Protein chains: 2
Amino acid sequence: MSALLLFATPEDVETAFYRAFLDEDLDDLMEIWSEEEEVFCVHPTGQRLSGLTMIRESWQSLMNPARTGIRQIDVTCLLKWQTMLMATHQLVETLRLDQEQAGPMIVTHTYMRGSCGWRLVCRHCSASSETILMPESAGHVLH
Amino acid sequence: MSALLLFATPEDVETAFYRAFLDEDLDDLMEIWSEEEEVFCVHPTGQRLSGLTMIRESWQSLMNPARTGIRQIDVTCLLKWQTMLMATHQLVETLRLDQEQAGPMIVTHTYMRGSCGWRLVCRHCSASSETILMPESAGHVLH
């Protein structure tokens with residue numbers, strides 16, 4: 001992925017994020033985060049990550065399917081709020097592990113548009129209380 | 001609170017939100033949510049609330065200190081991202097209960113500016129993994 005990559009929409013950033021995770025490409029995954037704004041990431045464990053260095057280290061440890069068992073992520077966008085320079089998406093993620101499914105997870109992504117197009121500035125992920133899985137037809141399946 | 005209330009800043013909405021909760025004023029609490037945009041709220045339990053009716057019913061049940069034991073909320077804003085029409089805040093909440101403290105909670109609030117000034121469109125709250133409480137001097141204490 002080019003260092004000068006321009007994401008034209010928040011959706012492009014989102015697609016690139018999940019693709020990079022499943023491709024185990026840490027450089028691509030970091031490319032989607034803003035370098036112009038402060039960035040923040042909250043994991044379902046309740047861990048708070050502030051800044052690119054902490055985020056990179058954490059996702060590096062997560063991008064190992066042999067360890068995490070994550071083989072596929074089904075993503076459904078429930079709501080979007082968008083203006084010219086900022087957008088927030090509310091998503092549901094269902095993780096497909098080696099032997100089972102996990103989740104769903106509830107995710108809030110906030111994006112900002114800067115000199116290099118749209119980038120992610122904030123990801124907040126927590127476990128949903130729901131046990132009913134999203135129908136596959138409703139979601140955007142990345143695998 | 002007037003139905004024509006204009007919040008001049010996202011911070012004004014945020015202050016009104018916590019004030020209304022502690023005052024047990026459900027009408028004031030609902031006033032801070034947008035009526036022009038779809039609204040969404042995620043509780044630390046993982047419950048997802050979509051729309052004003054679900055949000056009202058849920059917060060009504062939470063605004064009973066005899067039941068919840070919540071007497072005070074210490075709020076610390078960690079990060080803010082803001083443009084002309086949209087803002088996202090990352091916060092830490094510590095709940096002071098009758099006999100103890102709970103939390104911290106990690107909160108993402110997204111606000112949008114519409115014809116009635118700033119309003120909340122999305123609240124995502126989940127439990128933090130940290131057990132170290134925020135120093136009181138760093139936070140904005142509402143009680």
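Helices (H or I, at least four residues) and strands (E, at least two) are DSSP runs, numbered from the N terminus. The model treated here is predicted, so that local features need pLDDT of at least 70 and side-chain atom pairs count only at pLDDT 80 or more, while totals for chains, interfaces and linings use all residues. Residues are numbered from 1 along each chain as its sequence is written, and chains are lettered from A and ligands numbered from 1 in the order in which they are written.

**Exercise 1. Describe the order of helices and strands in chain A, and state what share of its residues is buried.**

Solution. Begin with the inventory: chain A holds 4 helices and 7 strands. Along the sequence these elements follow the pattern α-α-β-β-α-α-β-β-β-β-β. For burial, a residue is buried if 20 or more other C-beta atoms, placed from the backbone, lie within 10 Å of its own, exposed if 12 or fewer, and partly exposed in between. By this criterion, 36% of the 143 residues in chain A are buried. Turning to contacts, two residues are in contact if their C-beta atoms, placed from the backbone, lie within 7 Å. Of the contacts in chain A with a separation of 6 or more, 54% join residues 24 or more positions apart.

**Exercise 2. Determine which rotation and shift superpose chain A on chain B, and which elements of chain A touch chain B.**

Solution. Two copies of a chain are related by a rotation about an axis and a shift along it. Here the superposition is by least squares on the C-alpha atoms of residues with pLDDT of at least 70 in both copies, and a rotation of 180° with 0.0 Å of shift along its axis brings chain A onto chain B with an RMSD of 0.0 Å. That is the relation of a two-fold axis.

Next, consider the interface, in which 26 residues of chain A are in contact with 26 residues of chain B. On the chain A side, two or more residues each come from strand 1 (40-42), strand 3 (70-82), strand 4 (86-97), strand 5 (101-114) and strand 6 (117-127), with strand 6 giving the largest share, 5 residues. Finally, 100% of the interface residues of chain A are also interface residues in chain B, so the copies meet through the same surface.

**Exercise 3. Locate A:E24 and characterise its phi.**

Solution. A:E24 lies in the loop between helix 1 (10-22) and helix 2 (26-31) of chain A. Most residues other than glycine have a negative phi. A:E24, however, has a positive phi of about 55° although it is not a glycine. With 13 C-beta neighbours inside 10 Å, A:E24 counts as partly exposed.
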